[in-house]
Structure formats: C-alpha cells, structure tokens
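These notebook entries record what I looked up in the structure shown below. I took the helix pairs, then the sheet.

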Amino acid sequence: MSVQNAPISYDFHGDIPFSTPFKDIKPDDIHIYLDLDTKVGKNTCGQKCAHCWFVNYEKVYDKSFAMEEGPRILEGLRSHGYHVYPRYVDSFAYDGEFMNLYGPANNREFRQELDHTPTATMEKGDAWTSGRPLLADNWRELLDRAVENGYGTISITYHGVIDDNLRVRNHRTYPIKGVFSGADTEEVLRRIAEYNEGIAPEDAFRVNIGVTIGRHNHGRTSLERYAHYFNKLGVATVRFNNFTDHGNRHPELRLSREEVEQAYRDFKWLHETVPLNFQLGVSEDFGTFGIKAMGFPGHVGWCRAGRQLFAAIPAQEEVLSEGPEGRREKIGDIVGCVNTFEPHLGILTRTVTGDVTTYDVEFDHDGIEAFTAKRLAGTYKDGCFATELSEELGLISRVPERRRLPLLTDSAS
C-alpha cells in the first residue's frame, strides 16, 4: 500500500503548446529570469562551485546591472505584463541588500498536482543561498532582514553523500569542488531552527533543500538515504535536480538516458514507499525520458525555455538609435535556456526620453520560431534541451548514452 505523502512538486515554465505562434503568446504568459548580479565569492555566496553556470559561461561571469537600476528594470518589465523573477547568486549577498531592494522575491515557480496549484514555497519570499552567509557572525541579523522583507522560505543547495549510517561522508571525497559542504549545511539548519524558536510561528522559516543528482549519488539506495536523513533534519522540501556539466569538468558524473529513466522510477518509488516529513520536488531539468512514471501534467519536462521562459543577462551597453522619440539603448541580452544562456533570442532595452526612462524586451521572433521548429523536428529530442544544445555548440563533450561507470556512491568513503 502506498504511503500518504504530500504531492510531488514540479517546475512551472508555462504550458502553451509549441504549435502556437510566438506572436500569439501574451506577456502575462512569459516568465523572465532577470540576472541582476552574477558575481560569486566572498561578498555573495562565499563559494566558487566548479560546476556553477555563473562561473563557467563567459557571457555571465562576474556581471551585474547597476544596483540602483535593477529595481527600475524589474518594474519596467513587469509593467508590460511579464512575470519577472529577480535572480542573483545569493539572496543574502552584500549583507542582504538584495532583500531590501526587491522585497519578498521568488527565484522560480513551483507547482503541484494536475491543476498547477502553487506550492507553499510560493506563498512568501524564497531566499536562495549556498548557506555560507548564514555561517557568518551576523547570521541572526541576516535572518532578521529576511523576516522584515517578507521571506518565508530559505532554499539551500545541498552537496553531500549520505552513508548507510545516515551520516554525511567526508567532504574531501565529494567529486564537485568548491561547493558548500553537507556538514556545514547541518550547522546552518541548526541555526535556522534555533532562530525559529525565538520568533512568531507565522514568521518561522520553512527550509527547501536542493540536491544535485549525478553518477556520484543516484540510485534507489542513495535516494532512500537522503529521505531518512532529511526526515530527521526538519526541512519542508527536498528538491532533486539533474547534474549538468557546466564547464565540461565532470563528464563522468552525467546520467545517461537510461539512468534518467531509472531516476524517475526511483523518485516515484520513494514517494509511494517511504513516509516523508517533507514535500518531494523534482526539477524539470531531468527532461522527458521516463517522465511518464511521475504522473505529472503532460507539459512538465518539456521546458518552455525560448518560448515562455527566458533569461535577461547584463551586456555591454550600446546606443541603438537616437532621435525625437528618445535614446534607445541595448543594456542586456535575452537568452533561451536560463542555465546555459543559449540561444540568443532578443535584447533588453532602455529608452530615455527627457526625464522618462522605460525598459522593454525586444524578442527575435524569427529566431524563436526557428528554435521552436528545431525542437518540433526532433533536433533536440529531450524536453530539457540544455545538454543537447551544449553538445551541439561544443560547450560540453558528448558522452555515450550507454556508458557504464562504477557507482561512486558505493566506492566513496
């Protein structure tokens, strides 16, 4: 008999059919990730993860919009009807200054069930962090700032492999370098729990854990260990995402198609078999091979990036035109995949007319339709096209689908 767990959550990037011409998609059906600051390191996330997309792509490495202009860009795009998600390396960066500027922001959208019900993560602001800022001496002040600005969830990316005694393994054996350790995450969770005890229940933080799944930690046994481990730690959500080899540093960690199909079966088994004290979430970046096992709405896994989902990234400013209607400037690029920043599908503009400044997106309609046609023609077979696109562009190496490697889960110690 199946256990009664909360519904599995999934990413929501829209559900308009690919056959619909882009010109017929209204702004309020388009989601834009606004990459305001991509600087990693001491003042932001405190890390430099080897596989971080902000580290491995030159077009977004160490970039930012001017701090004072970011909110104006955000409001300018929202005024046109777009759903805009301010995105930065860490919500607690610069001692929480982004929280003061953008209020209770969400980095992305999570839904559940067939009717696309928003998950509890969406009810209040969602602070995204490596966890490192909350090890600093001012961690209480940072959490105070989050409460004051309407945040209700803290999302932490977890990097650790769990042994059969439900303890996190020695971080030196973890294959991805530069990441925040699982043992340190435990201390951050302890601090959040301590903080929650001293504030009103309605202000208490829920914790969302993100776990990257690759060849180092996939498989039913490993997932079950994560379930029992996080059951003990009092977190509200555990969301699994698929390892993407940004920077072509770890091809040996990428899951094959067969392993992704098995991962979906394992997620479903976990949800139906193991009592979970948290909501299980599965990222859309696992794609579509084997996704039917999940029972998600039919569009889930077929990412709408390049049609209903885009990223706006900082770019070298350029004057495009100047005349009676004002000075029109390019200040950013619009890209499809929000993690690999390809393909280029438009520009972000600023128009200055006297004392009035406006912001808008100019989409490359022909480029978007050509990209959609390639997806419909099967050039990219997976619903999450990031890996196929990166291979096509030579950004990562091709790994044979049936390549078999020893399970690092079983060999690491």
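Before the helix entries I note the convention for angles: axes are lines fitted to C-alpha atoms, for helices over the stretch in contact, and angles run from 0 to 180 degrees between N-to-C directions. I also note that this is a predicted model.

**Entry: H6 and H7**

I looked up helix H6 (residues 220-231) against helix H7 (residues 257-273) and found that their axes come within 10 Å and cross at roughly 40°. Angles under 35 degrees count as roughly parallel and 65 to 115 as roughly perpendicular; H6 and H7 are therefore oblique to each other. I recorded the crossing of H6 and H7 as right-handed. On the H6 side, I listed Arg220, Leu223, Glu224 and Ala227 as making the contact. On the H7 side, I listed Gln262, Arg265, Asp266, Phe267, Trp269 and Leu270. Sorted by class, the contact of H6 with H7 holds 5 nonpolar, 1 polar and 4 charged residues.

**Entry: H4 and H5**

I then turned to helix H4 (residues 139-148) and helix H5 (residues 182-197), whose axes lie 11 Å apart and which pack at an angle of about 60°. The crossing of H4 and H5 is right-handed. From H4, the contact is made by Trp139, Arg140, Leu143, Asp144 and Val147; from H5, Arg191, Glu194 and Tyr195 take part. I counted by class for the contact of H4 with H5: 4 residues are nonpolar, none is polar and 4 are charged.

**Entry: H3 and H4**

How do the axes of H3 and H4 cross? I found that helix H3 (residues 93-102) and H4 have axes that come within 9 Å and cross at roughly 0°. H3 is therefore roughly parallel to H4. Here Leu142, Arg145 and Ala146 in H4 meet Asp95, Gly96, Glu97, Met99 and Asn100 in H3. The contact of H3 with H4 divides into 3 nonpolar, 2 polar and 3 charged residues.

**Entry: the sheet**

I next traced an open sheet of 6 strands, in the order E3-E2-E11-E12-E13-E14, with mixed pairing. Its edge strands are strand E3 (83-88) and strand E14 (356-363), each of which pairs on one side only. From one strand to the next, the twist averages 35°.

I checked individual pairings within the sheet. Strand E2 (residues 31-37) and strand E11 (residues 309-323) run parallel and are joined by 4 bridges; among the residues involved, His31 has Leu309 in E11 as its bridge partner. E11 and E12 run antiparallel, joined by 9 bridges, and they form a hairpin with 2 residues between them. I noted Val335 in E12 as the bridge partner of Ala311. E12 also pairs with E13 in the antiparallel sense, over 8 bridges. Asp333 stands opposite Ile347 in E13.

**Entry: burial of E12**

How many residues of E12 are buried? I found that 8 of the 10 residues of E12 are buried, so E12 is largely enclosed by the rest of the structure. Buried here means under 20% relative accessible area.

**Entry: H2 on the sheet**

Which strands does helix H2 lie across? I found that H2 (residues 70-78) lies across E2, E3, strand E12 (326-335), strand E13 (344-353) and E14. H2 runs at about 60° to E14.

Note on methods:
Residues numbered from 1 in each chain as written. Predicted model: local features only at pLDDT ≥ 70, side-chain atom pairs only at ≥ 80, totals over all residues. Heavy atoms only, no water. Parallel < 35°, antiparallel > 145°, perpendicular 65-115°, else oblique. Left-handed = near helix turned anticlockwise from the far one by under 90°. Contact = heavy atoms within 4.5 Å. Nonpolar A, V, L, I, M, F, W, Y, C, P; charged D, E, K, R; others polar. Pairing = 2+ DSSP bridges. Buried < 20%, exposed > 50% of the residue type's maximum accessible area, 1.4 Å probe, protein only.
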